[in-house]
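Subject: Structure handover

Hello,

I am passing this structure on to you. Please open it before reading on.

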Amino acid sequence: MLDSSKGPIITTVKSDDDVRGILALQQKNLKKNLTPEQIQSQGFVTVEHEYAVLKAMNDAQPSVIVKDGDTVVAYCLAMLPQFRNGVPELKTLFEAIDEIDYDGQTLKDFNYVVMGQVCVGEGYRSMGFFDGMYQKLREELSAKFEMCVTDISTNNTRSLKAHARVGFIPVKDFHDAALGEVWRVVVWDWRA
């Protein structure tokens, strides 16, 4: 058990309760559960993960989380390419990765990890956890992977700015007809 007197800590998923904590926080921040004002000012998440898939993803590669006591208050989901069919909403991202040219070769030919979703809960925003989780992710994974790839809804301006601040660069926009949005594929190149 964590000592909550020390405040929130950045760590990795270590238990089934951590996975359930991610799902609980995800529900609170899904676009479908927010007002237009909240979406514009605070950002949102789009994908709603199933417990079994999220557990399998974390068993293969533990994600980075922030815990305040026993409560998950932020997360940064690491997703290995082998789970490309486990989350239907990410199909178009993986199709884009298969076709995008980056640094003289196709993005799919790099050894990469996908950022499946990032979320910082209300009351914990603007406290450095977004940047801190990404730094922890890089510490945990940069020896194993050349880069981190994700996509961001171009409607999620807060997330676009935050990812640029951390070091992600845009490589291509695509339209996802199923979701009815334009998405920006971004890459955080860890080779340098």
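Below is what was found, first for the whole protein and then for one residue.

Please keep in mind that this is a predicted model.

The whole protein

The protein has 6 helices and 9 strands. Its radius of gyration is 16 Å, close to the 16 Å that the globule rule gives for 192 residues, so the protein is as compact as a globular protein of that length. Along the principal axes, the C-alpha atoms fill a box of roughly 50 × 40 × 30 Å.

Taking contacts with a separation of 6 or more, 68% join residues 24 or more positions apart.

Now burial and surface. Of the 192 residues, 49% count as buried. The protein exposes about 9,300 Å². Carbon and sulfur atoms supply 49% of that area.

Charges come next. There are 21 positive and 27 negative side chains. The centres of the two sets lie 3 Å apart.

Where is His163? It lies in helix α6, which covers residues 157-166.

Is His163 buried or exposed? His163 has a relative accessible area of 3%. Buried means under 20%, so His163 is buried.

Which residues does His163 touch, leaving aside its neighbours within four places in sequence? They are Val118, Phe130, Tyr134, Thr150, Ile152 and Phe168. Take Phe130 from that list. His163 and Phe130 are 33 residues apart in sequence. In space, their C-alpha atoms are 8.9 Å apart.

Best wishes

Conventions. Residues numbered from 1 in each chain as written. Predicted model: local features only at pLDDT ≥ 70, side-chain atom pairs only at ≥ 80, totals over all residues. Heavy atoms only, no water. Helix = DSSP H or I, 4+ residues; strand = E, 2+ residues; numbered from the N terminus. Rg over C-alpha atoms; globule rule 2.2 N^0.38 Å. Buried < 20%, exposed > 50% of the residue type's maximum accessible area, 1.4 Å probe, protein only. Contact = heavy atoms within 4.5 Å. Areas by Shrake-Rupley, 256 points an atom, 1.4 Å probe, with all protein chains shown as cover. Lys, Arg positive; Asp, Glu negative; His and termini not counted. Charge placed at Lys NZ, Arg CZ, Asp CG, Glu CD.
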